[in-house]
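The sequence and structure come first.

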Protein chains: 2
Amino acid sequence: MDLDSSPLALPFPDMPAISGVRLRAVQARYKDWDRADLTFAEFAPGTSLAGVFTKSACASSEVELGRTQVKAGAARALIVNAGNSNAFTGYRGREAVEAIQSQVAEALGCTPSQVLVSSTGVIGVPLPKEKARAGIEAALEAKECGWEDAAQAISTTDTFLKGAHASAMLGETRVDLCGIVKGSGMIAPDMATMLGYVFTDADVAPGFLQEALERANAETFSCITVDGDTSTSDTVLVFATGKAGNRRIEDWNSPGADAFAAALADVCRRLAHLVVRDGEGASKFITVRVAGAASNESARRIGLAIANSPLVKTAIAGEDANWGRVVMAVGKAGEPADRDRLSIAFGGIWTAREGNPAEDYDEAPVAEHLKGRDIDLAVDLGIGEGRATVWTCDLTHGYISINADYRS
Amino acid sequence: MDLDSSPLALPFPDMPAISGVRLRAVQARYKDWDRADLTFAEFAPGTSLAGVFTKSACASSEVELGRTQVKAGAARALIVNAGNSNAFTGYRGREAVEAIQSQVAEALGCTPSQVLVSSTGVIGVPLPKEKARAGIEAALEAKECGWEDAAQAISTTDTFLKGAHASAMLGETRVDLCGIVKGSGMIAPDMATMLGYVFTDADVAPGFLQEALERANAETFSCITVDGDTSTSDTVLVFATGKAGNRRIEDWNSPGADAFAAALADVCRRLAHLVVRDGEGASKFITVRVAGAASNESARRIGLAIANSPLVKTAIAGEDANWGRVVMAVGKAGEPADRDRLSIAFGGIWTAREGNPAEDYDEAPVAEHLKGRDIDLAVDLGIGEGRATVWTCDLTHGYISINADYRS
């Protein structure tokens, strides 16, 4: 089916080329469609790798292999297949990934473990090996493409293309970070993947890159939710070519380490927000800010309980400042809370304070805020110093239409 | 708003009177409506009490008091207020409950702790004490009513009235158990409650009654979900008047203990199913059977992860045997699972076996099954002996209409 672009869509940004990264996108025809669906990114020798993956106990072969590959920390190529997730396909799925790795390793003169593979699309159908082989052959001959082409080629049911860019000064050296992402919740029939890639010319040791990514991920991709459903293939990878010529970042004491980590978190946060903005059926982008919790992790869990509550999400879709449902979601989170210290605000206006409806509550400005596209919901538990911010979208008829009205 | 009766509704059953229980229903006018909204059940002296309550950290005063009352194990009256949940109302909410308890205790010559109170409806508005006082005065004068009247008086946005009956032979003595319940998920704007009550003439010690209820609850009310949202007021109470004259059940070794526990579980299961059948927007009743898990509790958690997944629920609404989404839900449950041992069946027909699509899969009978009202989804983890059954309904446009399209 063809979906209209999300009302929360943002234009694809201008993003500079990254030295040491060559992008190509070709047609492997994993589905019967006329579009590029195989993305091939080649990296200069010496490129550092970091990655975070779904916690699903039923992860795809690509994810299982990737978890091992990031430990070695070196990458020469990334292949992304769109239209087939290769998940739940047993040993045949694994063979298909290994065949791609061998073919690319031979062509580039590297080891198979330096070739990362991601796949997104239908579950339960092994990736067709011949189509992959022909696609990679074509990619090795193809001209380079730009970021927007790559963002297009990795997409499936996304309603707009998603990219983000940041730069940082490491001493006197400017480094750039360019990211692309695909995903719009758990996507239409049998599609199930959030895939994100960040490319930088910074020179960064793999150990530090992994640490910085995990830290960024904890407060960005791990703090978004569309429907609470976790894919079998969720993956975020970072590739650092080292071509910018900065003094290599080895650890948090290296000059520029904080600036690089901040830029990486910035790109991750913007990519994460774009996924929420393309949430299935989304009409409002919701920021849930939790403060006063027992700990930061407790605040994040409470934020996700609110952000995943169908009753909170439908209330906001209905532009209803229904703080009773927020109380309910806080209560069910299984985290420390005290009903009589809990306060709740919409758009910066307290509707409930310390366990009671706010005395001087004026509904008019709250109603006005809820008519907008960007909704701010704040909760103060009043029991500690823990805080977290979580992002989600509302739950509308559009979500049901996308996921129930059409057949796979 | 007025809702059509659920397509999954069942007729209210014939249920016998329970000796030692007097029911009355009167109009306290907690809302501007013309219906009974205060239910008063009076119990004979010596009636045993048991109860289970929401785990919400933001529970109502009624629930906080109830948790203490069941420890004493004795009840002389139950008051249920419909139209106002009295939740999130601070000390004023608590005062309102205590006023009701004092008034009833004085009239019946019992202690306030023997008077149970439940309230259901809008959150954040203290229960109006004067309306409650006048309602109770009227109830003390009122004629007795039947089960269906009581089920009506405790309901809020329920689309049909819910009751269940079972009997058991304890030696030569027949005992009856009659239950009523209200709830249809987390119900329309600001309503948030599942309330269930079981009344029996059996003579049962409070300690055993509590144990039997907790056991029944674990496999009935704790195994249903409509939208994964947990109310601040969920309550199930059991009252045993002892009027049947059986030899008192003191513990599991007492004659008839198993028969009584089985009958109690039967009533609880049927009441729980009725709540799912009135799930907001429900068009299909879904039984999720999980086997081969690491433990029974692990099986229950996996079952709930499936039953709460918006993608699984929308797929079934769309009559789509989308087992990829079931794989996803198993994977995200955070419980032991092995992708390559997982099998999934719809309507008794295996669609996936041990990590691969079923070789001889014939979609036609599965598609036929999915067109029905009662859907059977089975998952075999293949790693242990744990099993559980969980019940839910599908997720449809009706849910969004009820919760987003109407304003509170």
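How many salt bridges does the rule find across the interface of chain A and chain B? The rule finds two, a salt bridge being a side-chain nitrogen of Lys or Arg within 4 Å of a carboxyl oxygen of Asp or Glu. This is a predicted model, in which local features need pLDDT of at least 70 and side-chain atom pairs count only at pLDDT 80 or more, while totals for chains, interfaces and linings use all residues. Residues are numbered from 1 along each chain as its sequence is written, chains are lettered from A and ligands numbered from 1 in the order in which they are written, and side-chain values use heavy atoms, with hydrogens and water left out.

**Chain A against chain B**

Contact (heavy atoms within 4.5 Å) involves 65 residues of chain A and 65 residues of chain B. The two chains bury about 5100 Å² between them, with 55% of it on carbon and sulfur atoms; buried area is the accessible area (1.4 Å probe) that two parts lose on being put together, summed over both. Phe88(A), Arg339(A) and His397(A) supply 17% of the area that chain A buries against chain B, more than any other three residues.

Between the chains, nine residue pairs are in polar contact, both residues being at pLDDT 80 or more. A polar contact is a pair of N or O atoms within 3.5 Å; within protein, one must be able to donate a hydrogen and the other to accept it, and residues adjacent in sequence count only if both atoms are side-chain atoms. On the side of chain A that touches chain B, α9(A) gives the most, with eight residues. Helices (H or I, at least four residues) and strands (E, at least two) are DSSP runs, numbered from the N terminus. The residues of that side divide into 25 nonpolar, 23 polar and 17 charged. Here Ala, Val, Leu, Ile, Met, Phe, Trp, Tyr, Cys and Pro count as nonpolar, Asp, Glu, Lys and Arg as charged, and the others, Gly among them, as polar.

**Domains of chain A**

Chain A is divided into domain 1 (21–277) and domain 2 (285–405), with bounds from an automatic or database domain assignment. Their C-alpha centres lie 33 Å apart. The contact takes 17 residues from domain 1 and 15 residues from domain 2. About 1300 Å² is buried between the domains, 58% of it on carbon and sulfur atoms. Cys223(A), Thr225(A) and Val276(A) supply 38% of the area that domain 1 buries against domain 2, more than any other three residues. The rule finds one salt bridge across this interface, and seven residue pairs are in polar contact. The largest share of the domain 1 side, four residues, comes from α6(A).

**Individual pairs**

The search of the whole structure finds 46 salt bridges over all chains. Three of them are listed here.

| Salt bridge | Closest N to O |
|---|---|
| Asp374(A) and Arg277(A) | 3.1 Å |
| Glu64(A) and Arg339(B) | 3.6 Å |

Asp278(B) is in the loop between α6 (257–277) and β11 (285–293) of chain B, and Lys162(B) is in strand β6 (residues 162–170), 116 residues apart.

There are 12 aromatic pairs over all chains. Rings of Phe, Tyr and Trp (its six-membered ring) pair if their centres lie within 6.5 Å; planes under 30 degrees apart count as stacked, over 60 as edge-to-face and the rest as tilted. Phe199(A) and Phe239(A) are stacked, at 5.6 Å centre to centre and 15° between the planes. Phe199(A) lies in strand β8 and Phe239(A) in strand β10, so the pair ties together parts that are 40 residues apart in sequence.
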